[in-house]
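I opened this notebook to keep track of what I looked up, entry by entry, with the cut-offs beside each term.

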Amino acid sequence: MVRLEDGTLCIVIEQPGELVLGGRPLPTPTAGEVRVKVKYANICGSDVHIWHGHNPFAKYPRVIGHEFFGVIDAGGRRR
């Protein structure tokens, strides 16, 4: 199990056919941005194509799960 003190868990496709549980640092929002704490994430058809190596535009390693629901947990300064 990956444990992170100041980061977030994510699913990473290292290369076609190879999924790993990884971590990334939590971003700090800048002016005009917000950070969203993800509560639920979905793997969609394009993620499956990337996992199979069928998307010629995909770069690896790649974090997947771009369809999500969450709540705003931090905000940058107003513009």
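**Entry 1: V38**

I began with V38, whose place is in strand β3 (residues 34-42); helices (H or I, at least four residues) and strands (E, at least two) are DSSP runs, numbered from the N terminus. I note that this is a predicted model, in which local features need pLDDT of at least 70 and side-chain atom pairs count only at pLDDT 80 or more, whereas totals for chains, interfaces and linings use all residues. Residues are numbered from 1 along each chain as its sequence is written, and side-chain values use heavy atoms, with hydrogens and water left out.

I looked up the accessibility of V38 and found it partly exposed, because its relative accessibility is 42% and the class lies between buried, under 20% relative accessible area, and exposed, over 50% (1.4 Å probe, protein chains only). Leaving aside residues up to four places away in sequence, V38 touches F68, F69 and G70, where contact means heavy atoms within 4.5 Å. I also checked V38 against N55, 17 residues apart along the chain, and their C-alpha atoms are separated by 26 Å.

**Entry 2: the sheet and the helix**

Next I traced an open sheet of three strands, in the order β2-β1-β4 with antiparallel pairing; two strands pair if DSSP finds at least two bridges between them. The edges are β2 (18-25) and β4 (62-64), and each has a single partner strand, so one side of each is left without a neighbour in the sheet. From one strand to the next the twist averages 50°, with axes taken as lines fitted to C-alpha atoms, for helices over the stretch in contact, and angles running from 0 to 180 degrees between N-to-C directions.

Between β1 (residues 7-15) and β2 I find eight bridges in the antiparallel sense, and I13 stands opposite L19 in β2. Helix α1 (residues 45-52) lies across β1, β2 and β4, and runs at about 50° to β1.

**Entry 3: the cis bond**

I then looked at the peptide bond joining Y60 and P61, which is cis with omega about 0°. P61 lies in the loop between α1 and β4.

**Entry 4: the cysteines**

How many disulfides does the structure hold? I found zero, taking a disulfide as a pair of cysteine sulfur atoms within 2.5 Å. The sulfur of C10 has its closest cysteine sulfur in C44, 16 Å away, which is too far for a bond. C10 is buried, with a relative accessible area of 11%, and C44 is buried with 13%.
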